[in-house]
Amino acid sequence: MSAPFFPARRALLWCLALLLAGCTDPYLPPAITSPPNYLVVDGFLNSQGVTTIRLSHTYAIASGATPPVETKATLNIEDEAGTRYALREGVNGTYASAALTLNTTRNYRLHINTLTGKEYVSDFVPVKTTPPIDNVSWRADNAGVNIYVNAHDATGATQYYRWEYVETWEIHPIYSPSVEYVNNRMRDIVVPFPTTCWGNAPSTIVQIDKTTALSQDVVANYRVRQLPITSDRLSRQYSILVQQHALTKEEYAYWELLRKNTESIGTLFDPQPAQLTGNVHSFSTPSDLALGFIGAHSLTEQRIFIRRSDLPAAWRVPNGYESCLPPDSVFIDRPKPPTPNPAAILQSHFTGGAFLPIDPIYGQTGNLQGYTAKSRDCIDCRTRGTSVKPSFWP
Amino acid sequence: MKQAYTAFCALFFMLLCLTSAGQQAEKTISGTFSHLPFEEFARQLEAQSSYRLYFDPAAVDSLFVTLQVQEQPVATVLYQALRNTAFRFAIDDEHRVFVSAGLAPNTALPNDFFQPRADGPAVAQADEPTATGPVGRSRYVSASEYKIYDIGAGSGSGRATLAGHIREQKSGEPVIGASIYSESPNIGATTDQFGYFSLTLPAGRYDLKIRGLGIKNTRRQVVLRGDGKLEIEVEEDIVTLKEVVIEAEKDKNVSGMQMGLEKLDIKTMRQVPTAFGETDILRVIMTLPGVKTVGEGSTGLNVRGGATDQNLILFNDATIYNPAHLFGFFSAFNPDILQGVELYKSAIPAKYGGRLSSVLDITTREGNKKKFGGAGGIGPLTSRLTLEGPLVKDKSSFIISGRASYSDWILKQLSDKNFSQSSAAFYDITAHISHEINEKNSIYATGYFSSDKFRLASDTTYHYTNQNASVKWRHNFTNQFYGVLTGTYSHYDYDVTSQQNEVTASQLKYAINQEGLKADFSYFPNSRHTVDFGVSSLLYNISPGSFTPLGTASLVKTDILPQEKALESALYVSDRFDITPRFSVSAGLRYSLFQALGPRSVYQYAPGESRSEATIIDTVKYGSNKVLATYHGPEYRLSARYSLNDRSSVKASYTRTRQYIHQLSNTASVSPTDVWKLSDANIRPQIGDQVSVGYYRNFKSNTIEASVETYYKKLYDFVDYKSGATLVLNHHIETDIINAEGRAYGVEFFVKKLTGKLNGWVGYTYSRSLVQVNAATTADMVNGGNYYPSNFDKPHDFTLVGNYRFSRRFSTSLNVAYSTGRPITLPLAKYYVGNSLRVFYSDRNEYRVPDYYRVDLALNIEGSHKVKKLAHSSWTVGVYNLTGRRNPYSIYFKSVNGQIKGYQLSIFGNPIPTVTYNFKF
C-alpha cells in the first residue's frame, strides 16, 4: 500500500504546512479606517465643589497619537428650573466651574455647545450625596500591599459606589552628576539635578461595588489597590488619595459595562463586547453619538501614607533605578590608533540631552580618561515625576 | 428519586412482555370443491398449504374442478383434480407447482430461462430438459420478480398486513429508507433502520414496486390473503458513478409526508470534493439549504438560524457531543462505515427530542452477512481501513472500521521549529455487530471511540475523546407491531495540559456522561394509520471542570466545580393518518420532563437585579438525588401534506421542541473546549417553535425535483452571554449568561437533478437569524434590547454541487459555495474616559466579514469494472479552493505599540491539491 502514498508525499507536506501557517492579512474595513468622530465627555457634576469636565473625541484605533480635544466649547450646568452655572475653559480640553453647591432636591444636567455649533445635553440626573469614607486601611501580605476602603451609609441611600485614587510616591535618583554638557562643552554642573521627586498617577481601572444584596448599606474592606512587593512606589514613602463617588443605578451599570467592555481588547476568542454610549446625547442629530455618563454627586476622599519603615523589613523593595546600574563610560582617550578626538566623542554622545554625563574618570596618573554617563531617565527624576513637593507631603 | 427511576425502567420490560403467538405448520388438504374455477381452486390449495401454484390464467379459464378430499397431500389432490384434463403438473423442491397444458414441465430450469420475456413465467416450457446447476444470485433476484408470492392463509377478504425486510442480496445488509408500494391503490411503506417494512393492503393481488437508495429497482408480485411475511432481497446498484442515490426520494419529494428532511447516503457524499480528499459527512450536510456554519474549519452546524448546540447528533442512537476531529477540519465519522444520514430541519418526529433545531441521525452499515470484505483509503492526512463479514452466515455480521492520522509524523519531518514542536493526531474506531436471533428478535450493538490530541507550537496540549455505545433489541410482536429497546452510553471529555513551567503545570478537565434507555414502538393498525409511541430517559452526569496541579513542584491551586446531575425523560405518541390518498396528516405529542438532581449548592439572587456575585442573597444546599429544579412541557409535532396532482404537493408543519442542555461557547466558532451545561434552578430550558410551509414539484418524470420551503422560527430562553463572560471554571455561571430570545425566518429553494450524465443539486437560501436580549436590567441588555443578527446570520447562501460523468470510469465533481459574510462586532474607535484608553465598539454584530466564496474541483477515476477481481480501487484527485480566495477564518485585533490593528486569518488561502486512493475487497 505504500506505493500510492509515496508520490503524494511532497504534496502532503506542503498541504500541511499551508494548513498550519495559514495566511494572515491586515484587516482594515472602511468602518475602521475612517472611524466615527464622536464627542467624549468625561467627568461628573460635583454637588459640593468644583466640577471638572474633559472634552475629547474618539479617534482611529490604529492611531498612535493622543486623543484630539474639544476646545472653545461653552459648557453649562443646568437644573430643570433653568438655573445655569457656566464652566470656564482650562487647558487641554478641560472645563471647570466655580465651587458650587447643588440643590439635592433638583435634577441637573450638562449642556454643551461646541464651537462648530453642535449642541449636546446629558440626561437630567438626581443629586446623590456621597457618604464620607470611614477609613482607608492597608495590609501587607506575601504578595505585597493591599489597600482597602471602608464606607457605609446609615440611611441606605447610596448603595452604588465608585472609587478612584491618586497615588503619589517619592523618587530618589541614584546619581548626582557633578558635570554637565552645555553648548558642546563639558563643565561643572551649575544647577544640580533634584535629589527628590514625587511621582503621581491616577487610577486607570474601574472600581465599583454595590451593596444591594446586603441588608445594610456597608462596604467592608473593598480592595482598591494592590501593590506587588516589586513596586518601586513603595521604596521610600507612598501616599494614596482614595476618592469616593456615590452613583445612581444607571451610572453604576454604565461603569460596570465599561469595565467589562474595554479592559480587554476584542479578539475572536475574547468575550463579546457591546456598544456603550452613556447618557449624553446630541440635541439636534440623534445619530451623532456622544460618549460618557454625567452623574451628579459629591466627592469624599481620604489620604493615607505608607513609609518604607512600615513595611516588613525583609522585603527587598526596588527603588526603580536597578536597571541604571552600573553607569556607562564614555572614554575620550581611546580607541587608538588613530588618535581620538575628545570633542567629537563627547559631541556624538551627549548632544541632544538624552544621555547625560555623571562624573569624570581619571587615570592613575590623574589624566582625564572620560566620563561616566547614563540615560536621562536614570539621572533626572523629573522624567518620572515632579520636583515640586506636593503641599500634602509631610 | 431513585425509586422513580427503577420503576421507570421496569415499565420498559413490562411493555416488552406483551408478546403474541401463532404460526402455522405444514398441512394436508381437505375440502369439497364443486365446479370451482381452477384459479379459485388453486388459491384455496395455496391457502391450505405451503405450496404455490403457477399457471397461465388464460389457459385455465375453462378448467373447473369438482373434487372431495380429506387430508390428502397436495400432489394427490392435484393428481385427482387434473386426472381427466389436458393439464399436467410438476412440483419442485421448493413446493412450487407448475401447471400447464400438455407435457408436465420439468422443474429443473434451463440456464437461459430467466431472460426477461414478455409472456410470463406460467408458460414455462420444458422444451429442452437439461440438468440444472445452482442458479446465479442475481438471476435469483430477477426470478423473484416473476414469482407470485402467495401470502397469508386468510379468506381473501378484508385487509391484511404484509411485513418483512428488504435486504441487500450480496451482503445481507438491510436497506434503509427503501419504499415498497403498490400503484393501485396507491399505498406504500418505507423500510426503517432495520430494513423492516409493514404494509397493510386490502386482500388481493398486487404488483409491489421496490425503490431505494443504491439498489436496483425491483418488484414483487404477491397475492395477499392474510397477514404474512415477505423477505425481499435486492441487488445493489453497482455502478457507483451513476447517481442512484437521490433516486429514492424521487417520489418522496412530492408524495412523502416529511418536510424539511434531507437524506444522503454515503455514495452521494463521496462525490463532494473536500480539503483533504476524505469524504466528510458534515461538510456535505453543510451544502444543503438551511444549513450553515460560522467558519471554514468548524463543524458546528447552524440549522435554520439555530445555534450549534441545538442539533441532536445521533450515531446509531447514541448522542455525539463533539462530532469533529482536528479543530473541526475532519468530521469524527469514518466514511467507510456509514450507511447514510438523515437531517430533520423542520418536522422533527416525536420520537426525537432534546434539541431545538435539528436531528442529524447517522447510521452505520450492518456489515456483510454473506462474505468477508474490506475497504480502505489513503489520503494526505489520514488513512482508514474497514473489515466486515458474517459471524453466522445470513444471521449475524460484524463491521469494524478504524481511521488514523499521520499528521504527527509529518510535522516531525518539518524543519521549522514551530512545526516540529507541534503535534496534531487523531484516530477513531467504530465497531458494529448485528445478529438475528430468530424471525422476531434481532440485536444490534455499536461501539465508537475517538481521540484527538494536539499541541501547536506551545506548551499546552489539548486532548479530547468521545466514547459511545449503543445496544438495540428489536422484537416483532406481530407483523403490524414491533418494538425496539435501546440502551445508549455517551461520554465526552477533554483535558488541557500545561507542563512547560513546572511551577504552573496544570491540567484542566471536563467530562460529560450520558446514559439512556428508551423503548420505541411502531404499530400499523391498517394502511391508513402508522402509530409510533415510546418512552425514553436520559441520565446526565457532568464534571463541569477541574483545575489541578501537575507534579509536586506545581503551585497551582486545585479548583473543582461540583458535579452536575439530571434526569431527562419523555413520553411520546404520534399517528400518521392518510385521510385520503391525497391528504395525510401526522400528529404527534411528546411530553418531556427534566429534573436537575443534587447534591448541589444553589445560589439565589436578588430579584430585579443583574445577577452577579454581589447579588447572591442565599445559598440552598440539596442532598444527593434531591430534585433541585423541575421543568416539563409538551412538544407538539404536527405536519400535513396535500397532493395537488401526481407531480406537485404542498406540505406544512408545526414543531415545538425543548432543550435542557446548553453548550457554553463564547467564541464564534465551536471549539473542543466548549462546555455543556445542564439546566438548573437558575438556567431555564430553551424552547423553540417552528412553522414551515413548502411547495414541492417534480419535473421530467421525476428526474428533476424542486422545492421551495419557507419557515418562521421563534426561540425562547436560549443562552447568550453578558459582555465579559467567563465560562470556564465559573462557580456561578448564571451570573455571566442571560436568556435570549431569537427569531429566524427564511426561504429555501432547492433543485436536484437525479439522473443522467450531469447531476447534482443547486440550493439558494435567503434567511435571517436574529437575537434579542431584552433583560429586565439595563446592564444586561445587548444593543439596547433590540433584535440583532446572530453570529451565524448569513442572509444569502448559494451552493452548487455538480457531477459530470464522462464515462463509467471518469467523472468530475464541482462544488461552488457562496454566502454573505458572518456578522462581527468591530472596535471602531478609541477614546479616554476615567484616565484610561477605552475602545468604542460597534453594536454587537453590526458589521460583516467579507463574503465567503469557494470553488472545489475533483476528478474521480474508477478502476476497471470487472466484476471479479481481487480489489476494486479508485483515485480521487482534487483541488480545494480552486480560486485561492482568502476567505477569513477569523478576524482578530492586536494591540501593537498602543495601536490596535486588525488582522484576518485564512486557513485555506491557496488552492489545496489532494490525492486519495480508495480500495475495496
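What pLDDT does chain B average, and what percentage of its residues score at least 70? The structure is a predicted model, and chain B averages a pLDDT of 80, with 83% of the residues scoring at least 70. For the complex, the predictor reports an ipTM of 0.80 and a pTM of 0.71.

Two stretches of chain B call for separate mention. Over residues 1-25 of chain B the pLDDT stays under 50, and the model has 22 contacts beyond four places in sequence for this stretch. Residues 239-250 of chain B likewise have a pLDDT that stays under 50, and here the model has 32 contacts beyond four places in sequence.

The overall make-up of chain B can be considered next. Chain B has 921 residues, of which 48% count as buried. Its secondary structure comes to nine helices and 57 strands. When contacts in chain B between residues at least 6 apart in sequence are considered, 64% join residues at least 24 apart.

Helix H2 of chain B, residues 38-48, shows how burial is arranged within one element. The buried residues in this helix are Phe38(B), Phe41(B), Ala42(B), Leu45(B) and Glu46(B). Seen down the axis of H2(B), these buried residues fall within an arc of 135 degrees, so they line one face of the helix. The partners against which the buried residues of H2(B) pack are strand E1 (29-37), strand E2 (52-54), strand E3 (64-72), helix H3 (74-82) and strand E6 (148-151) of chain B.

Elsewhere in chain B, Ile443(B) lies in strand E28, which spans residues 441-455. Ile443(B) counts as partly exposed because it has 16 C-beta neighbours inside 10 Å, whereas a buried residue would need 20 or more. Not counting residues up to four places away in sequence, Ile443(B) touches His435(B), Ile437(B), Lys472(B) and Trp473(B). The C-alpha atoms of Ile443(B) and Tyr149(B) are separated by 28 Å, and these two residues are 294 residues apart along the chain.

Chain A is divided into three parts: domain 1 (30-128 + 251-294), domain 2 (133-248 + 302-310) and domain 3 (322-383). The C-alpha centres of domain 1 and domain 2 of chain A lie 26 Å apart. Eleven residues from domain 1 of chain A and eleven residues from domain 2 of chain A take part in the contact. On the side of domain 1 that touches domain 2, the elements that give two or more residues are strand E11 (125-128) and helix H4 (249-262) of chain A. H4(A) provides the largest share of that side, six residues. By residue class, the side of domain 1 of chain A that touches domain 2 of chain A divides into six nonpolar, no polar and five charged residues.

Asn107(A) is found in strand E9 of chain A, residues 107-113. Asn107(A) is partly exposed, because 16 other C-beta atoms lie within 10 Å. Its contacts, leaving aside neighbours within four places in sequence, are with Asp79(A), Glu80(A), Phe124(A), Val125(A) and Pro126(A). The C-alpha atoms of Asn107(A) and Glu78(A) are separated by 8.5 Å, with the two residues 29 residues apart along the chain.

Terms used
Residues numbered from 1 in each chain as written. Chains lettered and ligands numbered in written order. Predicted model: local features only at pLDDT ≥ 70, side-chain atom pairs only at ≥ 80, totals over all residues. Domains from an automatic or database assignment. Contact = placed C-beta atoms within 7 Å. Helix = DSSP H or I, 4+ residues; strand = E, 2+ residues; numbered from the N terminus. Nonpolar A, V, L, I, M, F, W, Y, C, P; charged D, E, K, R; others polar. Buried ≥ 20, exposed ≤ 12 C-beta atoms within 10 Å, placed from the backbone. Arc of directions from axis to C-beta. pLDDT = per-residue confidence, 0-100.
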